[in-house]
Amino acid sequence: MDTSKALQSKVSSKGWIVIPAALRKRYHLKPGSIIEFREEGEKIVLVPGGPDPVDAFFGILAGPVSLTRALLEERSEELEREETGLRTG
């Protein structure tokens, strides 16, 4: 993209602006991407932010086995053992 050409966008009545497609592609901006607004002198500078910290860490501790599923299976086996003990005792 030629950086000498200024890209423009009009502010809507709700204060929305559209980031031109060329910039969205260049900076890998997708719906939900974070954009930081910074004031530098008389300018407003848009800076692509990092990933949402919650999204970045989602599932990071997940193991190969679902702990919820393992707990439910263990509880089911325990219940079965208890019922078997009641029937024979």
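Patches here are built from residues with over 30% relative accessible area and no salt bridge, joining like charges within 9 Å and nonpolar side chains (Val, Leu, Ile, Met, Phe, Trp, Tyr) within 5 Å. The model is a predicted one, so local features need pLDDT of at least 70 and side-chain atom pairs count only at pLDDT 80 or more, while totals for chains, interfaces and linings use all residues. Residues are numbered from 1 along each chain as its sequence is written, and side-chain values use heavy atoms, with hydrogens and water left out.

One such nonpolar patch sits on the surface and is formed by Val11, Ile17, Phe37, Ile44 and Leu46. Together these residues have about 520 Å² of accessible area (Shrake-Rupley method, 1.4 Å probe, with only the protein chains shown counting as cover for residues). Phe37 belongs to strand S1, residues 35-40 (strands are DSSP runs of E, at least two residues; helices are runs of H or I, at least four; both are numbered from the N terminus). With a relative accessibility of 59%, Phe37 counts as exposed (exposed is over 50%, buried under 20%, partly exposed in between; 1.4 Å probe, protein chains only).

Leu46 turns up again at the largest pocket, where Leu46, Ile19, Pro20, Leu23 and Tyr27 lie nearest the centre among 17 lining residues. On a 1 Å grid over the protein atoms alone, a pocket is an open set of points where a 1.4 Å probe fits, with protein on both sides within 12 Å along at least five of seven lines; lining residues have an atom within 4 Å of a point. The space in this pocket comes to about 330 Å³, the volume being that filled by probe spheres set on the points, which are joined across faces, edges and corners. Strand S2 (residues 43-48) supplies the largest share of the lining, 3 residues. By type, the lining splits into 14 nonpolar, 2 polar and 1 charged (nonpolar: Ala, Val, Leu, Ile, Met, Phe, Trp, Tyr, Cys and Pro; charged: Asp, Glu, Lys and Arg; polar: the others, Gly among them).

As for charge pairing, the structure has 2 salt bridges (a side-chain nitrogen of Lys or Arg within 4 Å of a carboxyl oxygen of Asp or Glu). Glu36 pairs with Arg38, with 2.7 Å between the closest N and O atoms. Glu36 is partly exposed at 32%, and Arg38 is partly exposed at 39%. In the other, Glu78 meets Arg75 at 3.2 Å, N to O. These two are 3 residues apart in helix H3 (residues 67-88), so about one helical turn separates them.
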